[in-house]
Structures are given as structure tokens and as C-alpha cells.
Amino acid sequence: MTVTVLLFASYADALGSSALQLDLPPGSTVRELVNRVRALGGAERLPPSPMVAVNERYATSERILGAGDEVALIPPVAGG
Amino acid sequence: MLVSRPIDPSALLERVARTANGATVLFVGTVRELNEGRAVTGIEYAAYRSMAERELTAIVAEAVALFQTDDIAVEHRIGELTLGDCSVAVAAAHPRRAQAFDAARHVVEELKKRVPIWKLEHYADGTREWVNAGSGLAVGAATEGDRP
């Protein structure tokens, strides 16, 4: 199944991209997705368990993903 | 609630003005010239816009329920800002001042914790850095549940 990964701010800079498509086995979790992303070039700056949102809602690392999900890796926020 | 144009705080005051209210609190956040001892010349704000709008909407709804007023308005600016520019404004009005203060504070504090907005500070020495990027584990990393 294919999911879209969104990257922002320092994470986008680290990976040199703001969006990726990843092909994952059905039933994959957020944790597995993060591990795939962390294996990409430049991703050593990502923490092992970054904050994640699935379809615009914060999610845990155990969350099971579905085809077409939009998964955002959220760097520490700094609004205000 | 996310805007790319300058924020007019007085417009937020107008949006919460009702004769039932005896107290209105306005919070205005502006770009500061010094952060952690470094001279700042400007800030670029970036956001995950759709989620930021959703989170801001949820935060306002919480404040409406907690402090029993419908009269809350918030705007956060995205893009390039210079010193003194308004980056965020919150107006909260209530018949009584305690709830107006509390509602405004709730929105600001929760915004800073949860809304996916980031700032790239520009420094006088020409360098740029994402604020908090070096803080390692995100707040939500060890948190189970929907909210960091």
C-alpha cells in the first residue's frame, strides 16, 4: 500500500524534501513508517520517535496505517 | 485562522465585541529582537496549514466549553515577519474578567504546545535556525493518546 509522508521545517531540510510516497506492507504501523524514513539519506537528524500525525490528527507509534493515509512527521512545534 | 497578511488586532477585538461582555482580553505576540542571547532580525513562520487550522479550531472549541464564552478570536501569521511584527493575536471576551483572561491564556498556551507551526529565526550574523529543532525527542514522542 502507498502512503504519503509529509515533512516540515527541520525535517524537510534534513531530507531535502517536503513530501514522499512510501510503499509499505499492509498493516504497517507508524513506527515502521518512521523506521523506513529514518533509513533514508539525511534522516539521521530525525529522532527515533518523532511526533506524528495521521490524516491531520496526532497519532501514536502503534497506530496501524491504511492505504492513502497522509502521515506527517511533526518537528517540535514553535508557534506563537 | 492562519493568515499570510499582517494581523490587525483591533479587528479581532471587533469580532468578540458584544454588549453582554464586560471584559475583553487581547494578547498580541510580536517578533522579538533577542532570543537565547542571539540578535534576531526576522522570523519565517511555516505551518502544516490544514492541520494547524484544525488544531486551532479544536483549541478554541475547548476554551469556549471551559470558560463559557463564544467570543474568542485567534489569528496566527505565516510567512516572513520582521522585528515588531505581530505573529499571533488572541481576543477573548466574557461578562467577567477572570474568564476572559483564562480563555485568552488557554488559547495561547495550547497553541504553543500543539499547533503545527514552526519558526525559522534569522540572526544578525546571517545564519538561520529552526527554533526548538535541536530539542531532540518531541513532546509527543513518549505520549500515548491523541495529543502531545
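Predicted model: local features only at pLDDT ≥ 70, side-chain atom pairs only at ≥ 80, totals over all residues.
Trainee: What makes up the secondary structure of chain B?

Mentor: Chain B has 3 helices and 9 strands; helices (H or I, at least four residues) and strands (E, at least two) are DSSP runs, numbered from the N terminus. Along the sequence the pattern is β-α-β-β-β-α-β-β-β-α-β-β.

Trainee: How do you know whether the radius of gyration of chain B agrees with that of a compact globule?

Mentor: The radius is taken over C-alpha atoms, and the globule rule is 2.2 Å times the number of residues to the power 0.38. For 148 residues a compact globule would have a radius near 15 Å; chain B has 16 Å, and therefore agrees. Its C-alpha atoms fill a box of roughly 50 × 40 × 25 Å along the principal axes.

Trainee: Why is Ala100(B) called buried?

Mentor: A residue is buried if 20 or more other C-beta atoms lie within 10 Å of its own, exposed if 12 or fewer, and partly exposed in between, with C-beta atoms placed from the backbone. Ala100(B) has 25 other C-beta atoms within 10 Å, and therefore is buried. Buried residues make up 36% of the 148 residues in chain B.

Trainee: Which residues is Ala100(B) in contact with, leaving aside neighbours within four places in sequence?

Mentor: Two residues are in contact if their C-beta atoms lie within 7 Å. On that basis the partners of Ala100(B) are Ala23(B), Thr24(B), Val25(B), Ala92(B), Ala93(B) and His94(B). Ala23(B) is 77 residues away in sequence, yet its C-alpha lies 6.3 Å from that of Ala100(B).

Trainee: How do you know how the length of H3(B) compares with expectation?

Mentor: The expected span is 1.5 Å times one less than the number of residues. H3(B), residues 97-114, has 18 residues and reaches 26 Å from its first C-alpha to its last, close to the 26 Å expected.

Trainee: Why are E1 and E2 of chain B called edge strands?

Mentor: Two strands pair if DSSP finds at least two bridges between them. The open, mixed sheet has the order E1-E5-E7-E2, and E1 and E2 of chain B each pair on one side only. E2(B) and E7(B) are joined by 8 bridges, in the antiparallel sense. H3(B) packs on this sheet, touching E2, E5 and E7 of chain B, and its direction makes about 150° with that of E7(B); axes are lines fitted to C-alpha atoms, for helices over the stretch in contact, and angles run from 0 to 180 degrees between N-to-C directions.

Trainee: What is the strand order of the sheet in chain A?

Mentor: Its 5 strands form an open sheet in the order E2-E1-E5-E3-E4, with mixed pairing.

Conventions:
Residues numbered from 1 in each chain as written. Chains lettered and ligands numbered in written order.
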